[in-house]
Amino acid sequence: MPRKPRFNLPGIPQHIIQRGNNREPCFLTTQDYLHYIDDVNESASKFDCRVHAYVLMSNHVHLLVTPMTENGLSRMMQAIGRRYVYYFNKTHNRSGTLWEGRYKSSLIDSDQYLLACMRYIELNPVRANIVKHPEQYPWSSYVVNAQGVISDLIEPHPLYLELGRSIESRLNTYRELFLLPMKDDLLKDIRDSVNQDLVLGRTAFKNKVELETKRKTRKGSPGRPRIEEDHALYHMW
């Protein structure tokens with residue numbers, strides 16, 4: 001069966017998840033986490049991608065990335081894979097694959113879901129009962145987006161910058177987003193979209209993507225896009 005083609009729309013964020021093969025660990029030491037972050041930073045810069053959020057769990061990773069060129073994200077992930085797998089195998093005296101097939105990804109409707117997706121990513125260690133609060137987990141972007149820790153990797157998305165006129169007001173507003181739990185239906189939508197390589201967004205956004213890419217963006221039969229959407233949304237990019 002041929003592989004499903006990727007969504008490649010420059011300027012539109014994507015939520016990415018990549019799991020270790022057979023759910024085995026892909027990070028064993030502090031140096032492993034640091035090396036992976038360096039690899040993401042270098043590859044994102046090389047292929048013109050903007051990283052807005054991340055979390056590195058022991059056996060999988062989540063990234064929120066906006067590619068600025070058509071194939072930038074795929075090339076970035078390929079480069080990370082080559083560099084990190086080579087390092088990991090050499091360092092830990094192993095061979096063979098590290099990742100479980102291709103990475104999964106979903107296109108994100110920024111206006112509606114970008115901040116929710118950032119929360120979803122940075123709350124992973126809390127949902128996994130590793131820590132009580134995301135600030136306690138060292139391998140995520142929470143300390144950057146919520147506490148102002150300087151990072152060469154993270155580039156704020158324009159919607160994040162709209163949270164406040166000053167750095168402190170943005171940090172305060174972002175922290176306040178974490179005071180309420182995420183709704184179960186939102187969690188399901190985010191998970192289903194990324195695990196099935198679909199689109200997380202409103203009807204109008206999905207219709208727009210289907211027209212642009214000639215690809216199905218949601219579960220169910222392809223059909224023609226519905227037309228009840230707000231046509232102004234067709235100018236989102």
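These are my notebook entries on a predicted model of one protein chain.

**Entry 1: confidence**

I began with the pLDDT values. The chain has a mean pLDDT of 90. I noted that 90% of its residues reach 70 or more. Over residues 221-237, pLDDT stays under 50. The model has 27 contacts beyond four places in sequence for that stretch.

**Entry 2: the nonpolar cores**

Next I looked up the largest nonpolar core. I found 61 residues in it. Tyr36, Leu56 and Met76 touch the most other members. Which helix gives the most to this core? I found that helix H2, residues 72-91, does, with nine residues.

I then followed Met76. I left aside its neighbours within four places in sequence. Met76 is in contact with Ser43, Ala44, Phe47, Cys49, Leu63 and Val65.

**Entry 3: His35**

I turned to helix H1, residues 30-46, where His35 lies. Is His35 buried or partly exposed? Its relative accessible area is 22%. Buried means under 20%, so His35 counts as partly exposed.

I also checked what His35 touches. Not counting residues up to four places away in sequence, His35 touches Tyr84 and Tyr87. His35 and Phe88 are 53 residues apart in sequence. In space they are 9.2 Å apart, C-alpha to C-alpha.

**Entry 4: positive phi angles**

Here I looked at two loop residues. Asn22 lies in the loop between strand E1 (14-19) and H1. Its phi is positive, about 60°, although Asn22 is not a glycine. Asn22 has a relative accessible area of 58%. Exposed means over 50%, so Asn22 is exposed.

Asp48 sits in the loop between H1 and strand E2 (49-56). Asp48 is not a glycine either, and its phi is positive, near 60°. At 29% relative accessibility, Asp48 counts as partly exposed.

**Entry 5: the largest pocket**

Last, I looked up the largest pocket. About 270 Å³ of space lies in it. How many residues line the largest pocket? I found 13. Val144, Gly148, Val149, Pro156 and Tyr160 lie nearest its centre.

I checked which elements give two or more residues to the lining. They are helix H5 (142-145), helix H6 (158-161) and helix H7 (167-176). H7 gives the largest share, three residues.

I sorted the lining by class too. It has nine nonpolar, three polar and one charged residues.

Definitions and conventions
Residues numbered from 1 in each chain as written. Predicted model: local features only at pLDDT ≥ 70, side-chain atom pairs only at ≥ 80, totals over all residues. Heavy atoms only, no water. 1 Å grid on protein atoms, 1.4 Å probe; cavity = no way out; pocket = protein on both sides within 12 Å on 5 of 7 lines; lining within 4 Å. Points joined across faces, edges and corners; volume = space filled by probe spheres on them. Helix = DSSP H or I, 4+ residues; strand = E, 2+ residues; numbered from the N terminus. Nonpolar A, V, L, I, M, F, W, Y, C, P; charged D, E, K, R; others polar. Core = buried A, V, L, I, M, F, W, Y, C linked by side-chain atoms within 4.5 Å. Buried < 20%, exposed > 50% of the residue type's maximum accessible area, 1.4 Å probe, protein only. Contact = heavy atoms within 4.5 Å. pLDDT = per-residue confidence, 0-100.
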